[in-house]
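My notes follow in the order I checked things.

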Amino acid sequence: MRKGLFALAAVGLLATGSMAACGKDDKGSGSGSGSGTTATGKVGVILPDTKSSARWATADVKYLKEAFDAAGVQADIQNAQGDKTQFQTIADGMISSGVKVLMIVNLDSGTGKAVLDKAKAAGIATIDYDRLTLNGGADYYVSFDNVKVGELQGQGLVDCLTANKAVKPVVAELNGSPTDNNATLFKQGYDSVLKPKYDSGDFVKGPDQSVPDWDNAQAGTIFEQMLTSNKNIKGVLAANDGLGNAAISVLKKNKLNGQVPVTGQDATTQGLQNILVGDQCMTVYKAIKQEADAASKLAIDIAKGQKPTTATGKVTDPESKKDVASVLLTPKSITKENVKDVVADGFVTKEELCTAEFAKACTDAGIS
């Protein structure tokens, strides 16, 4: 795991609320990890979709598979492609196959809990990865401090509006999926920064709406309706880069891109490119390799019959009120000034980011 710039957060953190905002595999297809090695136990991993965030298609599968392969632990990594029925079908197959550990990124807490309950009944250890399953009772939870993610987004928007010398700007909020506890935590974080601005009259609270299933197409429609009903929107708190790009597309149609700051999250290639050309204000980088390494470390220890030692933090499930042993990681705010840090960390490559259209912007941003 990379040390230094993006090191693990100090855990041992007791949260009063759950702190939580994508696989290459086709729906229902398995990715066998390990070349026939026989480990103490097998690990099953269910990722949520490939639409809500690019990370599930480009990062997590790669990093998890590398970690399991290196440890000689067999893993079955599948993606539910946003289908709750398929999510449960995949889980049933993994449980029947005798996995010793089941790691999930739930599509919602209801179906996630049903899967976790089945696993526990079968004596299988469970890990909530990235999203806490409310009232799910997972043995472990690995994620980023997602309230902090929201705080970074809120402060990023404040900084960009301040730099624009905006006077009483109307701020629109495009929140993530209402069924994703992470989206709740992101909003908790950015509202903690924005509400004092609304209360003081420095900012004006504009339209505030959640986007079902983090669907970017729906986000574009929602934001177009927001802008049609309120032409004075001067800032957009978008909960991730996909939602942010949907808003930017609408702003471009109205020749407002670059004039209205838009936030994001996930440090996707598209989001970083939007930042480089000035259409997006900032994003939040979550070092996915750190998260995947932390989760796979837990799973590998359990699969090999060893007692996990890294989940020294605790997060309280807001529904069950029970503490979940946790590993929480630290997110980082990314603006044009430090996009190069994401490249240096290996999360995106210069070749991916600095295509012909963005070559000059990359040079100007010190990306070499």
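Predicted model: local features only at pLDDT ≥ 70, side-chain atom pairs only at ≥ 80, totals over all residues.

**Salt bridges**

I began with Lys360 and Asp364, whose side chains make a salt bridge at 2.8 Å, N to O. Both residues belong to helix α13, which covers residues 359-364. They sit four residues apart, about one turn of the helix.

How many salt bridges does the structure hold? I got 22.

Buried or exposed, I wondered, for Asp180 and Arg131? Both turned out to be buried.

Then I went to Glu173 and Lys187, another salt bridge, with 2.8 Å between the closest N and O atoms. This pair links distant parts of the chain, as Glu173 is in strand β8 and Lys187 in helix α6, 14 residues apart. The two ends have their own accessibility entries. Glu173 has 0% relative accessibility, so I put it down as buried. Lys187 has a relative accessible area of 21%, so I noted it as partly exposed; the cut-off for buried is under 20%.

I followed the partners onward from there.

**Helix α7 against helix α8**

I moved on to helix packing. The axes of α7 (residues 216-229) and α8 (residues 241-253) come within 8 Å and cross at roughly 45°. That angle makes α7 oblique to α8. I wrote down the handedness as well: the crossing of α7 and α8 is right-handed.

Which residues meet here? On the α7 side I listed Asn216, Ala219, Gly220, Phe223, Glu224 and Leu227. On the α8 side I listed Gly242, Leu243, Ala246, Ala247, Val250, Leu251 and Lys253. Sorted by type, the residues of the α7 and α8 contact come out as eight nonpolar, three polar and two charged.

**Helix α3 against helix α4**

From α3, I have Lys84, Phe87, Gln88, Ala91, Asp92 and Ile95 in the contact. They meet Thr111, Ala114, Val115, Lys118 and Ala119 in α4. By type, the residues of this α3 and α4 contact are six nonpolar, two polar and three charged.

**Two residues in α10**

I then picked out Ala299, which is in helix α10 (residues 288-303). Its relative accessible area is 0%, so I marked Ala299 as buried. What does Ala299 touch, not counting residues up to four places away in sequence? I found Val43, Phe68, Val101, Met103 and Ile127. I also looked up Gly41: Ala299 and Gly41 are 258 residues apart in sequence, yet 9.6 Å apart in space, C-alpha to C-alpha.

Asp301 is also in helix α10. It has a relative accessible area of 5% and is buried. Leaving aside neighbours within four places in sequence, I have Asp301 in contact with Gln306, Pro308 and Thr309. For Asp301 and Gly41 I noted 260 residues in sequence and 9.9 Å in space, C-alpha to C-alpha.

**Positive phi**

Last, I checked the backbone. Trp214 has a phi near 55°, positive although the residue is not a glycine. I found Trp214 in the loop between β9 (204-210) and α7, and it is buried, with a relative accessible area of 3%.

Lys255 also has a phi near 55°, again a positive value in a residue other than glycine. Lys255 is in the loop between α8 and α9 (269-276). At 66% relative accessibility, I put Lys255 down as exposed.

Note on methods
Residues numbered from 1 in each chain as written. Heavy atoms only, no water. Axes fitted to C-alpha atoms, helices over the stretch in contact; angles between N-to-C directions. Parallel < 35°, antiparallel > 145°, perpendicular 65-115°, else oblique. Left-handed = near helix turned anticlockwise from the far one by under 90°. Contact = heavy atoms within 4.5 Å. Nonpolar A, V, L, I, M, F, W, Y, C, P; charged D, E, K, R; others polar. Salt bridge = Lys/Arg side-chain N within 4 Å of Asp/Glu carboxyl O. Buried < 20%, exposed > 50% of the residue type's maximum accessible area, 1.4 Å probe, protein only.
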